[in-house]
Amino acid sequence: MIDFEEELKKFQPSLEVEEAEDAIYNRNLTDMTDILRELMKGNEHA
């Protein structure tokens with residue numbers, strides 16, 4: 001039978017996951033919130 005506690009102790013995250021996480025968090029991406037804010041700014045001046 002598998003000893004899950006022992007397996008969890010041995011677990012190490014993949015470097016690929018960590019690299020992907022860094023790339024995602026370090027990028028300044030435009031999302032829907034940013035787009036809606038820009039639209040709202042445009043409506044204030046109209």
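Leucine 39 sits in helix H3, which covers residues 32–44. This is a predicted model, so keep that in mind as you look around. Helix H3 is built from 13 residues, and from its first C-alpha to its last it reaches 18 Å, close to the 18 Å expected at 1.5 Å a residue. How many of the 13 residues in H3 are buried? The count is zero, and H3 is hardly covered. Leu39 also takes part in a nonpolar surface patch of about 400 Å², together with Met32, Ile35 and Leu36.

Now step back to helix H2, residues 15–25, where you will find tyrosine 25. Is tyrosine 25 buried or exposed? Its relative accessible area is 65%, and because the cut-off for exposed is over 50%, tyrosine 25 counts as exposed. From tyrosine 25 you can look across to glutamate 44: the two are 19 residues apart in sequence, and their C-alpha atoms are 31 Å apart in space.

Zooming out, the protein chain holds three helices and zero strands, and its elements run α-α-α from the N terminus on. The C-alpha trace spans about 70 × 20 × 10 Å along its principal axes. Of the 46 residues in the protein chain, 0% are buried. The accessible surface of the chain comes to about 5100 Å², with 56% of that belonging to carbon and sulfur atoms.

Finally, take a look at the charges. The protein chain carries 13 negative and 5 positive side chains, and the centres of these two sets lie 4 Å apart.

Conventions
Residues numbered from 1 in each chain as written. Predicted model: local features only at pLDDT ≥ 70, side-chain atom pairs only at ≥ 80, totals over all residues. Heavy atoms only, no water. Patch = residues over 30% accessible without salt bridge, like charges linked within 9 Å, V, L, I, M, F, W, Y side chains within 5 Å. Areas by Shrake-Rupley, 256 points an atom, 1.4 Å probe, with all protein chains shown as cover. Salt bridge = Lys/Arg side-chain N within 4 Å of Asp/Glu carboxyl O. Helix = DSSP H or I, 4+ residues; strand = E, 2+ residues; numbered from the N terminus. Expected span 1.5 Å × (residues − 1). Buried < 20%, exposed > 50% of the residue type's maximum accessible area, 1.4 Å probe, protein only. Lys, Arg positive; Asp, Glu negative; His and termini not counted. Charge placed at Lys NZ, Arg CZ, Asp CG, Glu CD.
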